[in-house]
Amino acid sequence: MTRATVKSHTRHGLRLHPLPLRIMHWTNAVAMIIMIGSGWKIYNDEVLFGWLHFPDWITIGGEAQGALQWHFLGMWILAINGIAYLIYGLVSGRFRRMLLPIRLRELIATVRDALRLHLAHDDLTRYNAVQRTLYVGIILVGILQVISGLVVWKPMQFSELTTLFYDFQGARLVHFLGMAAIVLFLLVHVALALLVPKTLVAMVTGGPELDAPPRAVPPAPAPSPDIA
Amino acid sequence: MTRPISSKSLFRPAAAIDQSILAEHKTLLAQIDRRSLLRGTISLGALSLLTGCNVTDRSAVQSVLTAVSSWNDLVQAFLFRPNHLVPTYSEAQVVKPPRFNAYYEIEQVKPVDAGSWKLELAGLIQDKRAWTAPQMSALPEQELIIRHICVEGWDYIGQWSGVNLRLFLERVGADLTAKYVAFKCADDYTGSIDMATALHPQTILATKYAREPITDPFGFPLRLRTATKLGFKNPKWITSIEVTNRYPGGYWEDRGFNWFSGI
C-alpha cells in the first residue's frame, strides 16, 4: 500500500517544541530530579553495592521518611506527566515525525561523525540517528522505571508483575539500573544542551517555526483515486 | 544477609530513645493528625502549593507531602486485593533466625515473661476478656512461609505460625466493619492496620517461628505477621489489641512513615 504524504497546509505559529511539549519537558525535569534525589536517600538505607553510598548533600528529603514522602509525591507527577507525554507524542504524530525511523547504518555514521566532532546541528528540527536512538531509549527506560517502581512498591499486590523481575530484589536492582541509565542520559543530554545553547533556548521559547512539516497521513480505510 | 547489629540504621538507633525530642516537637506531632490533614489538604489543589510556594517554606511543603501520603493511603486501600494470596515458599528457603528490626538495638530487647503476660482487648469488641499465653496457644494454628520486606529495602523468607487474625477477631466478637485494628506492645511500640488487611487470609497472630516458640528478639510471646505489609507494620510483643474507627497512628507513622505501607 502506498503511504500517502501530503504537504500540510502551512501551520503558522507551530514551533519545533509546541507549548504543551515544553510544559511536559520541564515538569518531567522537576519530577526526575525529585525521583533521583529522593531515590538515592532511600537506596542508602539498604545499599545494593557496598561501595556505593550517595552523599547526603545530593539527596532529597532529609531523613528516610522525608525521602519516601518526596518519592511517593514525585511518582504521581512523573507518571501522570509521562502518560500525557506518551499520548501527546502518539496522537500528534511527533514520535513518528521526530523519532522514527532509526536506521542502523545512519546510526553508525552519526556515531562516527560525533567522534570526529563533525556533528551537524544547524537544523534543530531534525534529530540525527543518535538523538533518535537515545530519545526512544530513554522513553523505554522511563516506562521500565514505572513498572519496576510499581513492583518495588507493591510486590505482593502485583505479584504477577513481580515474577517478571524474578523477585523483589530483582525489581530493586532493575529500578536502580534504570536510574543509572537515566542519570547517564541526563549527563549527556545536559552537556550537549549546554554546548549548543540554542537547543536549550528552543525548549524554553519553542524554537524555530515549522513552516511546512511533511506530515504522514494514515492510510484511508477505502483509498479513493483522488488522494495522491 | 544479616548485617552486624552494630551498624547504623534508622530502625535501630544507637542510643536509647530521647523523650525530650518528643516534647520538643509536640506541636508538630499534634499537627500530624491524619484526619484533619485529610479534611484540610487532600484536595488536588494542595498540589498547586508546590509550584506556588517558596521551597524554603518548610511547613507548606511538608503539608503537601503529608497530604500526598494520606492520598497514597487511600490509593493503596483501593489497590489492595482482599483475597489475593501472596507467594509462599518452601521450608528450605526459611532464614533462621529471622532478621531483627526494632527502634532500638537487639541487645536492648526486654524479654516478656509469658507467665504474667496477658493480651488485653479494647474498643469495638464484644468479649473483652484478656487472653493468657496458654489460651492463645490452644487456638487453631495457621502456618505461613512468607517474605518479610523492610521499608529500608531488605527482605528474608520467614516461617510463622499462629492463629488467623480474622478467626481471632470473629471469636472475640469484634466489629469487622470498623476501620482500624490497633496494637500496643510491651516495648511501648504502637501500630495499626486497616481492617481489610486484618481480615486478609494471610494475616496471623504469630506465636511460633520455624515451628518453635518465637524467641525474645522477634516478639515472644505474640506478634503480628501480615503478608501484605512492610515489616514495621508487624508489631512484636503485643500486649493489647483495639478495634476502632478512630485513626490510631503508630510509632513510625507518627514520625512520617506512610501509614498504609502495604506491599
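Predicted model: local features only at pLDDT ≥ 70, side-chain atom pairs only at ≥ 80, totals over all residues.
**Chain A overall**

Chain A holds eight helices and two strands. Read from the N terminus, the order of elements is β-α-α-α-α-α-α-α-α-β.

The chain has 228 residues, and 38% of them are buried. Its accessible surface is about 13500 Å². Carbon and sulfur atoms supply 71% of that surface. Among contacts in chain A with a separation of 6 or more, 69% join residues 24 or more positions apart.

| Pair | Angle | Axis distance | Crossing |
|---|---|---|---|
| H1(A) and H7(A) | about 130 degrees | 11 Å | left-handed |
| H2(A) and H5(A) | roughly 140 degrees | within 11 Å | left-handed |
| H1(A) and H2(A) | about 150 degrees | 8 Å | left-handed |

Take H1(A) and H2(A). Their axes lie 8 Å apart, at an angle of about 150 degrees. That makes the two helices roughly antiparallel, because the cut-off for that label is an angle over 145 degrees. Their contact involves 18 nonpolar residues, seven polar ones and one charged one.

H1 spans residues 19-44 and H7 spans residues 168-195. At about 130 degrees, H1(A) and H7(A) are oblique to each other. From H1(A), the contact takes in His25(A), Met32(A), Ile36(A), Trp40(A) and Tyr43(A). H7(A) answers with Phe176(A), Met179(A), Ile182(A), Val183(A), Leu186(A) and His189(A). Nine of the residues in this contact are nonpolar, two are polar and none is charged.

H2 covers residues 64-92, and H5 covers residues 129-153. Their axes cross at roughly 140 degrees, so H2(A) and H5(A) are also oblique. Phe72(A), Met75(A), Tyr85(A) and Leu86(A) are the H2(A) side of the contact. Ile139(A), Ile143(A) and Trp153(A) are the H5(A) side. The class count is seven nonpolar residues, with no polar and no charged ones.

Asp167(A) sits in the loop between helix H6 (159-162) and H7 of chain A. Is Asp167(A) buried or exposed? Its relative accessibility is 17%, so Asp167(A) counts as buried; the cut-off is under 20%. Setting aside neighbours within four places in sequence, Asp167(A) touches Thr162(A) and Arg147(B). Thr162(A) belongs to its own chain, while Arg147(B) belongs to chain B.

**Ile214(B), a buried loop residue**

Ile214(B) lies in the loop joining strand E8 (212-213) to strand E9 (223-226) of chain B. With a relative accessibility of 2%, Ile214(B) is classed as buried.

Which residues surround Ile214(B), once those up to four places away in sequence are left out? They are Trp160(B), Ala206(B), Thr207(B), Lys208(B), Tyr209(B), Gly219(B), Phe220(B) and Arg223(B). Arg223(B) is in this list, and residue 223 falls within strand E9 (223-226).

Phe232(B) is 18 residues from Ile214(B) along the chain. The C-alpha atoms of Ile214(B) and Phe232(B) are 17 Å apart.

How values were computed: Residues numbered from 1 in each chain as written. Chains lettered and ligands numbered in written order. Heavy atoms only, no water. Axes fitted to C-alpha atoms, helices over the stretch in contact; angles between N-to-C directions. Helix = DSSP H or I, 4+ residues; strand = E, 2+ residues; numbered from the N terminus. Parallel < 35°, antiparallel > 145°, perpendicular 65-115°, else oblique. Left-handed = near helix turned anticlockwise from the far one by under 90°. Contact = heavy atoms within 4.5 Å. Nonpolar A, V, L, I, M, F, W, Y, C, P; charged D, E, K, R; others polar. Buried < 20%, exposed > 50% of the residue type's maximum accessible area, 1.4 Å probe, protein only. Areas by Shrake-Rupley, 256 points an atom, 1.4 Å probe, with all protein chains shown as cover.
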